[in-house]
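Please find below my notes on the model you asked me to look over. They are set out as numbered points for reading beside the coordinates.

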Amino acid sequence: MDKPIPVLDLGPELADIWDEVSAVSSRVLRSGYFVGGPEVAGFENEAAAYLGAEHAVALNSGTDALVIGLRALGVERGDEVITSPFTFFASPESIGIVGAREVFADVDLDSFNMDPERVEEAITDRTRALMPVHLFGRPANMDAMMDIASRHGLLVIEDSAQSFGSRLGPDSRYTGRQTGSVGSAGAFSFYPTKNLGGFGDGGLLVTNDGGVADRARRLRDHGSARRYENETLGYNSRLDALQAALLRIKLPRLDANNDRRRAAAARYNDLFAEIEGVVTPDVVPGHVFHQYTIRVTGGRRDAVQAALGQASIGSMIYYPIPCHRLPVYAERGISMPVTELLADEVLSLPLWPAIEEAAQERVRDVIASALR
Ligand SMILES: Cc1ncc(COP(=O)(O)O)c(C=O)c1O
């Protein structure tokens, strides 16, 4: 019986940094700073420098980064924000939480990211912002998003929860810039499975606008710049010192780990080259493969997933229900054909920086025989 292959193995990365993790944890736990403090400020500075953004505001989660980002940008009741229907619920959820209306624009079949033409069609006189999602670590078409935004006078909040470390490629006028740093603000998640994963929940908002950063700092601390002088309704969304300190260990290693993810994705693509019925993702520059997601065509995705399960190989369907079909929005009765097709065909396969070629070959063998 072959060893099971999980869909994600955080073990090897943790083993590499374990000594530092335990030394830093004891230091922080003895320091008496548990929420905010110098570790958080240090992490904010390092993250801002890495991302090429002027301001970074550490928060409790990626969801909070979207909610607080939208509010700090001034998005409010009556506004419409256009986002992808092929994303994690937190993207549209954050829009609804601030009282605005989430408007969906269908995605492009190859990139899984919002199709600029569909975005244009979704614009009304109430549209206030675009929320492109860099899904699975592949940069969205930021040139098109920024052009549309500038033509219609819109804000852009990037959902970069899955794309820490992803830079825009040579086909973009923002080449070399980090996703999340191009629009009016960018939101990141440190949920443990993310490319820059913490040891609990965490998030970050980045922006080049000092006013937005200032408002986000107030909102994360009960709407106050000074203790007990609350100016507006806010949140308790501060990052723990321990999370910040542990993320500071991981940040300098991120580029190397993202390169390894990209190399593993390219290897999968080679392995799947001859298999009919599998559509592989393009290894475009800047893609950091938060997920390696294939399409299985011909209605055979569930059979392939079952075969993987039989062989003790993990796989996931991100996302089985398109956002616009979730119970919370279902009454709108809208149709987004590309997203609906993807929901039936996508399958995310085991991927982490240290995945071995032999494991990838086994994944290929099982899929090949299920499709034979
Ligand atoms: C695309 C996307 N947006 C937002 C979030 C929310 O991040 P968090 O889980 O840190 O709140 C996630 C996390 O799963 C995500 O994948």
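This is a predicted model: local features need pLDDT of at least 70, side-chain atom pairs count only at pLDDT 80 or more; totals for chains, interfaces and linings use all residues.

1. Residues are numbered from 1 along each chain as its sequence is written.

2. The chain is assigned domain 1 (11-252) and domain 2 (254-371), the bounds coming from an automatic or database domain assignment. Their C-alpha centres are 25 Å apart, and the contact takes 32 residues from domain 1 and 27 residues from domain 2, where contact requires C-beta atoms, placed from the backbone, to lie within 7 Å.

3. An open sheet of seven strands has the order β1-β7-β6-β5-β4-β2-β3, with mixed pairing; strands are DSSP runs (E, at least two residues), numbered from the N terminus, and two of them pair if DSSP finds at least two bridges between them. Because β1 (55-59) and β3 (101-104) stand at the edges with a single partner strand each, one side of each is left without a neighbour in the sheet.

4. Strand β2 (residues 80-83) runs parallel to β3 and is joined to β3 by four bridges, with V81 standing opposite E102 in β3.

5. Helices are likewise DSSP runs (H or I, at least four residues). Helix α3 (residues 62-73) lies across β1, β4 (127-131), β5 (155-159), β6 (185-189) and β7 (203-207), at about 165 degrees to β6, while helix α6 (residues 142-152) lies across β4 and β5, at about 170 degrees to β4. Such angles run from 0 to 180 degrees between N-to-C directions, the axes being lines fitted to C-alpha atoms, for helices over the stretch in contact.

Definitions and conventions: Two residues are in contact if their C-beta atoms, placed from the backbone, lie within 7 Å.
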